[in-house]
Structure formats: C-alpha cells, structure tokens
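Work through these exercises with the model in view. Try each task before you read its solution.

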Amino acid sequence: MPALIDIIPQGERVDAHRPWPRLVVTPAVWRAVVSEVAAGRATLLGLWGDADAVRWVHMAIIDDGAGDIAVVSLACPDGMFPSVGALHPPAIRLERAIRSLYGLEPIGGPDARPWLDLGFWEVQHPLGARTPAPAARPAYSFLPVEGESLHQIPVGPVHAGIIEPGHFRFTAGGETVVRLEQRLGYAHKGIESLMAGASIERAARLAARTSGDSTVAYGIAFAHAVEAALSFEVPPRARYLRALMAELERLANHFGDIGAICNDASFSIMHAHCGILRELVLRAAEVCFGHRLMMDRVIPGGVAADLPADGAALIRSCLMNVRQRFPRLVELYDNTASLQDRTVATGIVRADLARQFGAPGYVGRASGRNFDARKTPGYAPYDELDFAVPVLTAGDVNARVWVRIREVEQSLTLIEQLIERMPTGPIATAPDAVTGEGLGFVEGFRGDVLVAVRLDGGRVLRCHLRDPSWFQWPLLEAAIEGNIVADFPLCNKSFNCSYSGHDL
Amino acid sequence: MRRTLFEGLTHRPLTEAPPRADDEALGELARQFDRAARRRLGRSLSIREVDAGSCNGCELEIHALNNAFYDLERFGLRFVASPRHADVLLVTGPVTKNMREALERTYHATPDPKWVVAVGDCAFDGGIFSGSYAVTGGVSKVVPVDLHIRGCPPSPNEILKGLIALLEHVSEKTAVS
C-alpha cells in the first residue's frame with residue numbers, strides 16, 4: 001500500500017507547517033490528487049479557502065488505515081481552481097461554501113448555487129474581496145423533482161422543539177420521503193472572519209463556541225493546532241485532564257442523544273432516565289472544572305484549572321452511579337419491541353457511502369467504517385490507554401444507538417484509567433515561538449474535528465474549523481429516502497449533526 | 001420496564017426545590033406589562049424556543065429544564081412546537097443575519113399577549129460574535145425583549161429563575177405594581 005505522500009506526485013513543502021506535511025502544488029498535481037481521492041485511495045478530510053497576497057484553496061486528505069494526513073495547497077491568482085466536487089461528491093458543499101465565502105470558482109463544479117450565503121448579508125465573498133452584495137440576488141432553487149402525486153413539505157429554520165435552525169425541503173409521495181434536500185447556514189456567525197487578526201486567547205474562545213456541545217473537542221483541536229504551529233509540548237497532566245474532559249463531554253452527549261432518539265419515537269421514559277445520567281455528568285464537570293459544559297477549560301498550552309482535591313473521588317462516584325443505572329436502560333431499550341420496531345431498519349446509511357464520505361463518528365462506525373481519530377492517527381494520552389472502537393454494520397438508527405452505548409462503556413473505562421494514572425505536575429506551559437502553521441485533529445463526540453491555523457506574531461492570521469457534520473449532513477439525505485416522513489425526527493436525532501459547527 | 005416504572009413510585013423524586021424568582025428580572029419585567037393581559041393567562045405559559053444562531057450551548061441548558069431535577073412543567077411552563085400556540089418566545093443566539101427574517105416571522109406568528117425572553121450573552125448584545133458581518137448583535141435589535149437572562153450559557157437554575165420571575169409577574173403574584 002503506497003504511503004499517502006506518494007499520491008501527491010510533486011509539491012513544494014511548507015516547512016513551517018506541523019505536524020503533517022503541507023505541499024504547495026500546481027493545478028495538474030491538484031487534479032491528480034483529486035482523482036486519487038475520487039478513486040478511494042485517500043479520504044477527503046477538509047477543503048477550505050484562504051487569502052493572503054492571493055487567494056488559495058487547501059485540501060486535507062487522510063489514509064484511513066495508516067492515519068497519515070497531508071495538505072495540498074493551490075494558489076488561485078485567477079480566482080478559480082479545478083473542482084473536487086466534479087469527481088468527488090463529498091466535496092460539493094465545501095466548494096459551494098468556498099465560492100460563497102471567498103468568491104473562488106470551482107472549474108467544472110456541478111452545483112453553482114450558494115451555500116451558507118442565504119442572501120441576507122450586506123456583503124458578498126466576506127472572506128475574499130468582501131464587496132457590497134448586489135441589490136438583486138437570484139432566488140434559491142431546490143433540485144427539481146418529477147413524478148406523479150408528489151408534494152413538498154418545507155420544514156424550518158424554526159422547527160421541531162429546542163433545536164438549532166436549519167431548513168429541510170421534503171418531497172413526499174404520500175407518507176414516503178422521495179427526497180430530502182437541506183439548506184443550511186442559518187447559524188453562520190462569521191467565526192473565521194472574527195478569528196482573523198485575533199489574539200490566540202480570543203480565537204480559543206471563539207473556537208470553543210463553534211459548537212457548544214463539542215466545546216472541549218474544539219478546544220483541544222484548536223490547542224493542538226496552535227501547539228503544533230508553535231512547536232511546544234503540553235505537560236502530561238494537562239493531556240490527561242484534557243482527555244478526562246473530552247470523555248466526560250462524550251458521555252454527556254451520548255446520554256442526551258440516546259434518550260432523545262427514544263423520545264423521538266415517543267418513548268419518553270428512556271429520555272427521562274438518560275437525562276438524569278447526563279445531568280449527573282454535567283454536575284460532576286461543574287464541580288471538577290468550574291463549568292457544566294467545560295467551556296474555556298482547555299486552552300492552548302494546557303488547561304485553565306486543575307482538578308480539585310476531591311475531584312477524582314467525585315468522578316469515581318459519578319461513574320459508579322452511571323454503572324448502576326445504565327445497564328438497565330440498555331436492557332429496556334433492547335427489550336422494548338415497539339421501540340425496536342421504529343429504530344431497526346430505519347434510516348440506513350449504506351457502507352459504501354459511509355466510506356466515500358469518510359463519515360466521521362458514530363455515523364461512520366454504525367455503517368462499517370472503522371475510524372476514530374483517537375486511534376488513527378491518534379494522539380496523547382490515548383496511545384497509552386486501553387480502549388476499543390465499536391463498529392457495527394447495519395447502518396440504521398438502531399446501530400447508531402448501539403455504537404453510542406458501546407462508546408459510553410468505553411468512555412467509562414477510559415475515565416477510570418485517566419484518573420488512575422493521572423500524572424502530577426504543571427497544567428500549562430507557554431510557547432517561545434510566535435509564528436507557525438499547525439493542524440489539530442481530534443475525535444469529538446459526533447466525529448473528528450479538524451482545525452488548521454496560521455499564526456504570526458502571536459496572533460491568528462487564519463483559522464479554519466472543519467466540523468464532522470460536513471460529511472454527515474449529506475448522508476442524512478441519503479438515509480431518509482424511502483422512509484416515512486414521521487421517521488425524520490428519529491433519523492435526524494440519530495445523526496445529531498451540528499448546525500452551528502457546520503455553519504460557522 | 002415495569003421495574004423502572006415501579007421504582008418511580010417508590011423512590012423519592014429527584015426534583016429539586018425551585019430557586020427564588022430573580023429580583024433583577026422582576027425589576028425589568030415591572031416596566032413592561034399590562035395588567036389585563038396578565039390576568040388572562042393564569043399560571044401557565046407556553047414557550048416556543050427560537051435558536052437565532054447560537055452555538056447550541058444555551059439550547060443544551062434549556063433542554064435540561066425538562067429533566068427530572070429541574071422539571072419545568074411543575075411550574076406550568078411547557079415548550080410547544082408552534083409559535084401560534086405560544087405565549088413566550090425564548091430566543092438564543094446573536095441573531096445571525098440569516099435568522100433575522102425567521103425570528104421576525106416567528107414573532108409575528110405568535111398571538112398577543114406575548115413575551116420575549118432572550119437567553120444567553122449572545123442574545124443580549126451579540127456576545128463574542130458582536131461585530132461580525134453575519135450577526136445583528138442581540139435579540140432586542142430585532143424584536144422587543146421583555147427579559148434578558150445572561151450567561152454563557154446560563155445554567156438551568158439561572159434560566160429557571162428568570163422564567164419563574166416571568167411567570168410570577170404575568171400572574172400578578174409579585175408585589176411590584
């Protein structure tokens with residue numbers, strides 16, 4: 001099996017970029033890499049725009065098996081680049097976003113409609129030339145549909161109950177969904193624009209608020225990117241505390257999700273009991289780290305606060321509580337036939353799609369994709385810890401529930417190991433360098449988060465945050481096809497994609 | 001399942017004592033209301049939540065209000081799916097420009113009398129996102145706000161304090177005239 005770097009025929013290495021290689025390539029090499037990705041010889045990890053003297057596009061790729069990552073960069077002095085989406089559908093939305101934000105044209109791109117730009121800003125191409133938006137903008141058209149007796153159901157952006165905003169355009173034949181088309185961007189806050197020129201500290205606070213339910217994962221990914229860029233190591237105790245927070249975040253979200261998925265099938269007893277478990281974790285987090293969601297607790301260089309003296313005991317007691325209650329809930333889920341009837345064989349994501357999209361997190365792992373950033377490429381302290389990555393193949397709502405159940409079990413043992421082996425020592429260090437480029441790649445609860453950062457003089461020149469949901473939202477459209485409209489909440493919740501993380 | 005249900009009858013509930021209504025909130029509300037409107041609603045309020053571009057942190061803590069510890073419904077407060085069924089709009093987020101129209105439409109779809117509660121630091125003035133090309137900068141820039149609950153995110157207890165103040169004010173239990 002050739003190494004990842006071998007699929008990039010030629011390129012000028014950017015020495016300042018760490019820890020994985022970044023190469024500046026020609027359009028011909030870019031096209032060659034795109035072909036390799038489209039042929040499945042590498043997985044697309046990210047695709048984003050950039051601007052300094054000229055505008056750029058960057059493409060991050062990964063070898064699923066070995067965990068090698070590489071970034072290829074193409075300068076776009078003429079404002080265009082060879083489309084990745086033309087050959088590789090998972091890149092389509094990313095390219096549409098690049099076009100809307102930077103004004104860079106993907107040559108041969110299959111979809112010229114804007115993405116994230118809903119026509120409400122006073123400017124266009126806000127990360128590129130940022131010119132005033134034209135007075136008249138073409139209306140957005142959803143994909144055409146043909147057929148007998150079809151009707152459209154528009155849902156959102158204000159939808160469901162307590163949930164982020166997004167638009168879902170259903171085409172249904174009777175009760176059956178013939179197509180779902182999403183239109184997202186309602187939560188776009190211009191985070192990357194706010195980060196440009198910001199201090200590292202302010203940028204870290206912005207990163208932590210990209211997706212509130214993954215604030216720890218984003219904090220760690222941003223910190224990793226900065227620490228790689230400035231070549232400084234974080235003390236071992238800080239790494240352990242970060243992992244402890246990350247696993248608590250994973251637990252809290254999985255408990256919330258398992259309950260909420262059952263609730264969307266009207267099985268509220270699971271929701272009530274899982275809600276108790278989630279609350280116990282958040283309260284432990286508050287006592288141990290000073291914030292229920294642990295926001296701003298991970299900082300570049302380490303962590304903001306140390307575990308209190310009784311912290312370990314408190315967490316152990318929380319785990320004991322969870323271990324007493326959780327198995328019975330799992331049994332309840334598994335033995336309730338009417339609930340199984342809703343979740344089994346509903347919302348199936350095919351294995352080949354999961355592979356093609358590099359579906360992160362439980363979405364990929366429930367459809368046979370054995371990938372977890374904590375193992376591949378992996379990062380400290382997980383390389384010292386003992387845990388398994390659950391993978392199932394049915395790809396339905398039920399499988400996505402079971403992957404979460406198994407991950408809860410794994411997180412419990414990880415937390416025990418982290419507490420048991422917690423190193424002593426300082427909880428933060430400061431860098432010497434002020435300039436560099438780095439990449440962070442961390443497994444959040446819903447999947448892998450990618451952060452790319454360029455720093456100069458202690459400030460952020462450019463930061464890109466890639467939420468796992470970019471490669472999960474499109475799969476929801478595929479999963480809902482052929483299911484009844486009433487199963488949409490169930491499917492949507494089983495994915496639990498991020499709106500804010502995606503929209504930036 | 002039977003065992004779990006049965007235990008619900010024999011075990012002490014987890015529901016915690018409610019916090020006192022927030023004095024500051026009562027102060028803010030005192031400036032706003034029409035007595036007749038208050039009398040009409042009794043002690044119950046239906047809430048439609050609107051995420052106007054938040055990071056989802058506030059949503060998580062709002063969700064927590066429905067758990068066994070905080071048990072929002074014991075106060076007569078409940079979430080509804082349509083603004084047309086709502087008395088209160090609970091709004092989070094800095095109000096992205098992309099959500100401005102949706103928020104306005106939701107506000108106009110909510111029948112009178114209605115109240116708007118803005119939850120979170122972003123909802124107050126745009127918070128950390130203030131100044132972005134994509135953000136309006138606070139719910140009160142788009143619709144009239146009756147109560148702000150600060151925090152990033154505010155804890156469920158803090159949100160509850162504000163909502164209880166709203167409820168007390170609406171049903172005239174408050175000493176403030």
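**Exercise 1. How many residues of chain A are in contact with how many of chain B?**

Step 1. Count a contact when the C-beta atoms of two residues, placed from the backbone, lie within 7 Å.
Step 2. By that rule, 39 residues of chain A are in contact with 37 residues of chain B.
Step 3. Find the helices. α3 (191-195), α4 (200-208), α7 (268-289) and α8 (311-335) of chain A each supply at least two residues of the side that touches chain B. Helices (H or I, at least four residues) and strands (E, at least two) are DSSP runs, numbered from the N terminus.
Step 4. α7(A) gives the most to this side, with 5 residues.
Step 5. Sort by class. This side of chain A has 20 nonpolar, 11 polar and 8 charged residues. Ala, Val, Leu, Ile, Met, Phe, Trp, Tyr, Cys and Pro count as nonpolar, Asp, Glu, Lys and Arg as charged, and the others, Gly among them, as polar.

A note on the model: it is predicted, so local features need pLDDT of at least 70 and side-chain atom pairs pLDDT 80 or more, while totals for chains, interfaces and linings use all residues. Residues are numbered from 1 along each chain as its sequence is written, with chains lettered from A and ligands numbered from 1 in the order in which they are written.

**Exercise 2. What is the strand order of the open sheet in chain B?**

Step 1. Pair two strands if DSSP finds at least two bridges between them.
Step 2. β1(B) and β2(B) pair in the parallel sense over 3 bridges. Here Ser46(B) stands opposite Arg78(B).
Step 3. β1(B) and β3(B) are also parallel, over 5 bridges. Ile47(B) has Val88(B) as its bridge partner.
Step 4. β3 (residues 88-92) and β4 (residues 115-119) of chain B pair in parallel over 5 bridges. Val88(B) stands opposite Trp115(B).
Step 5. Read off the order of the 5 strands: β2-β1-β3-β4-β5 (chain B).
Step 6. β2 (77-79) and β5 (147-149) of chain B each have a single partner strand, so one side of each lacks a neighbour in the sheet.

**Exercise 3. Is β1(B) mostly covered or uncovered?**

Step 1. Call a residue buried if 20 or more other C-beta atoms lie within 10 Å of its own, exposed if 12 or fewer, and partly exposed in between, with C-beta atoms placed from the backbone.
Step 2. In β1(B), 6 of its 7 residues are buried, so the strand is mostly covered.
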